[in-house]
Every structure is written in structure tokens, then in C-alpha cells.
Amino acid sequence: MHLQYKNTKQNIQAVQKRARHVAPHLHNTLELVYVTEGTLELGVGQELYHLETGDMGIIFPDIIHHYQVFGADAHKIYLVNIAAGSIGFFGEELQKYAPVMPVIKRSELGEEVIHALYRMMLTQEWEFTILQAYLQIVLARCVPLLDLDEKSKVGSDDLIYQTVAYISGHFRENITLDKMAQDLCVSKYAISRVFSGTFHSNFNQYVNDARIRYACSRLENTRDSIIEICLDSGFESQRTFNRAFKERYRMSPSEYRKKWREHSGVISL
């Protein structure tokens, strides 16, 4: 199987569906998979985890994973994908770390989490504020149950995984392709092939995307100034930040913040 890269653009997607085989892939979203009927095998890196009915898998952004289903019986799941900018309070933690054990058993979840997941399935995608409220309940109860470690230490030693993990941990710094290749002890041409062949991007574009996702979270969830967010996200200047942001969202960071607050019902003070 060849690794696939998926760039999900919806803020929060919550669906009920039949479980099926899914090839190894990674994406820039947090993914929750709750088994409502049957069983499911969740592969993370080189490990395979078994989920029974009532268990939940939690896959942090940019973690290589896949699914397998065995037997002819019905296997059904709730599947929730959350864009990095919509994770809220836990955004920075989920970008830097990953669970050592990505499965939470039914006995640990509690009825409050299960109810929140169920209500997410009944909520329309345009009811973003309600979806995010249920999501925060799930994360607030589940993240403390996880044993977290740096992404570079969890999962596969594959170069694709190392590339994603490295940028997740260093995008706020002044990193270069040469420095990254040196730190990973590989040729910069090998890394360039990962970006062009797997991510259909180049090094600078991929790093800027990571920075912009982080900046979006700060724009949505803090009252920090644009220049503070710009510099803390790893951009050298506000001019560079504005140009990259407009290329991605067709609006300035301040316009994005204003539209998000209007959409979410947040009152500016």
C-alpha cells in the first residue's frame, strides 16, 4: 500500500458510517473514531490496536494511521475530524505531542463523552459553535487520560513520519531545509522528494501551512495582537505573514478574525 496524504478543509466533520479498510495516510486534523457496533483495528505507525464496541481511538494531527475490518459482520463507527484551527484550548498540545496508546476503552470514556459524541452526530455542520462545545467536552475528559510523548518518539521511523514530526515540533522556529536534513541525518534531496511526491508541496509551502494553522487557532481563541501571533507562529515579518495568509484564505488575518467571531457569535470587547 502507498501512503496517502489528505488535507481536510472542513472545520469539523462528524459522521456515522460503516467501518471499512483505509490505507495508511496522514492529515492535518484531529481524528476521533468511536466504535458503535462490531470491532475495528486501528494502525498507528507500525502498531495495530484492537477496538471493541464502545472503545474510541484518538489520532492526533499529522500521525500516520490506517484502519482494518475483519469478518462479514456489520462494523459501524462515529468518525469525527477536526481541523487544527478548531481544536481550541488543546491545539498546541495536539500539534506537538501524540498518545503512546491511542485507544481509550469503553470503561474509561464515561457517559458524558459518549453522549457528547452522539450529539455531534445529530448536529449540522453549519452549527459550528455547538459542535465545538461538544468537542471541548470530549477533549477535556479524554486528553488527561492519555500518556503523551513527543511526536518524533511515537509511531514509525519512516522518513515521511520523521518529516511531519520534525516540522510539527519546529515550525515556530527559523528552520531551513538544510538544517532539517542535517538534524534528521538524511539528504535534503530525499526530503524534497517527500514534499513533492507525498504532500504535493515544497518545504516552504508546507512550513507556512503549519504556521498558518497555528496562527488561525490563536486568531480564533485569543485576543493577542496580529503582530504577536505573526512572530509567535514563526513568520519573520507581518508583511510575510499577511501575504501567506491571503494566499491561503483570500483575506487578511484581521478579516479572518472578524469573520470567525461573527460566525461563532463571539462579541468583541
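Cysteine 185 counts as exposed, because its relative accessibility is 71% and the cut-off for exposed is over 50%. The model is predicted. Cysteine 185 sits in the loop between helix 6 and helix 7. Its phi is positive, at about 60°, although cysteine 185 is not a glycine.

Aspartate 62 also has a positive phi without being a glycine; the value is near 65°. This residue is found in the loop between strand 7 (56–59) and strand 8 (65–68). Its relative accessibility is 2%, so aspartate 62 counts as buried.

Two packed helices are described by the angle between their axes and the distance between the axes.

The axes of helix 5 (residues 159–170) and helix 7 (residues 188–197) come within 10 Å. They cross at roughly 90°, which means that helix 5 is roughly perpendicular to helix 7. Helix 5 contributes Leu159, Ile160, Thr163 and Ile167 to the contact. Helix 7 contributes Ala190, Ile191, Val194 and Phe195. Of these residues, 7 are nonpolar, 1 is polar and none is charged.

For helix 5 and helix 6 (residues 177–184), the axes come within 11 Å and cross at roughly 120°. The two helices are therefore oblique to each other. Their crossing is right-handed. On the helix 5 side, the contact is made by Gln162, Thr163, Tyr166 and Ile167. On the helix 6 side, it is made by Lys179, Met180, Asp183 and Leu184. This contact has 4 nonpolar, 2 polar and 2 charged residues.

Definitions and conventions:
Residues are numbered from 1 along each chain as its sequence is written. This is a predicted model: local features need pLDDT of at least 70, side-chain atom pairs count only at pLDDT 80 or more; totals for chains, interfaces and linings use all residues. Side-chain values use heavy atoms; hydrogens and water are left out. Axes are lines fitted to C-alpha atoms, for helices over the stretch in contact, and angles run from 0 to 180 degrees between N-to-C directions. Helices (H or I, at least four residues) and strands (E, at least two) are DSSP runs, numbered from the N terminus. Angles under 35 degrees count as roughly parallel, over 145 as roughly antiparallel, 65 to 115 as roughly perpendicular and the rest as oblique. Contact means heavy atoms within 4.5 Å. Ala, Val, Leu, Ile, Met, Phe, Trp, Tyr, Cys and Pro count as nonpolar, Asp, Glu, Lys and Arg as charged, and the others, Gly among them, as polar. A crossing is left-handed if the near helix is turned anticlockwise from the far one by less than a right angle, and right-handed if clockwise. Buried means under 20% relative accessible area, exposed over 50%, partly exposed in between (1.4 Å probe, protein chains only).
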